[in-house]
Amino acid sequence: MERFQNNPDYEEDMFISGSKAQEIVDDQTLLVVVDVNRPAITECKELLELTKTIVILDHHRQTGEAIDAVLSYIEPYASSACEMVAEILQYIGEGLKLKPLEADAMYAGIMIDTNNFLTKTGVRTFEAAAYLRRNGADVTRIRKLFRTNYVEYQAKAQAVSSAELFMDYYVFAISESDGLDSPTVVAAQTANELLNIDNTKASFVFTEFNGRIHISARSIDELNVQVVMEKIG
């Protein structure tokens, strides 16, 4: 976001708050919901009731709770929402050229969701990545974006060191949130890290944030952790 803000190539109001969006929405507004298909976990669910025309682009499994959309493109086999958007952009029309900043952001999204092209990576994932590279995505620049600060790195290391093995194949860990700007992100990174332990079928990292317990669940191929998460609400 910082790279897009105060950048002469982009409008000053490129990013707006949910309350601001609710003020300016009208009958002509198109709302595009990306990377989620459940109303409860959207950034601003009030917008769903205020907007007549909604499009969904997501790669998560659909559950019982659904958004009423005019176009719902949900593809669980895609690695990421960024892969899906990259694919769509290639077919929108001739001459569409992304700026390097945009290509960086989308390539980074694919890297995060595939854990550096290790999980849920198909032929289409690499084709999307190649398209983004042609549009100026820079892997070195992206790697620098992924570096964490010292406090977050320590928190992740502490969570890994306190991990416990459950029923021989499942790893549980607690990630402390004190002093962290994004504790849920650190927990997700920790969960990915724990999959590197031999014979692990799934990892679950718990973190307390804003009075709630958040769980980051990850697996490679032997367990669908989304189904597990759905069962516990």
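Q: Where is Met14 found?
A: Helices (H or I, at least four residues) are DSSP runs, numbered from the N terminus. Met14 is found in the segment before α1 (18-24). This is a predicted model, in which local features need pLDDT of at least 70, side-chain atom pairs count only at pLDDT 80 or more, and totals for chains, interfaces and linings use all residues. Residues are numbered from 1 along each chain as its sequence is written, and side-chain values use heavy atoms, with hydrogens and water left out.

Q: Why does Met14 count as partly exposed?
A: Buried means under 20% relative accessible area, exposed over 50%, and partly exposed in between (1.4 Å probe, protein chains only). Met14 counts as partly exposed because its relative accessibility is 36%.

Q: Which residues touch the most other members of the largest nonpolar core?
A: A nonpolar core joins buried Ala, Val, Leu, Ile, Met, Phe, Trp, Tyr and Cys residues through side-chain atoms within 4.5 Å. Here, Tyr107 and Leu132 do so, among 16 residues. Two or more residues each come from α3 (81-92), α4 (100-113) and α5 (123-134), with α4 giving the largest share, 6 residues.

Q: What does Glu152 contact, leaving aside its neighbours within four places in sequence?
A: Contact means heavy atoms within 4.5 Å. On that basis, Glu152 is in contact with Leu180, Ser182 and Val186. Glu152 itself is found in helix α7 (residues 150-161).
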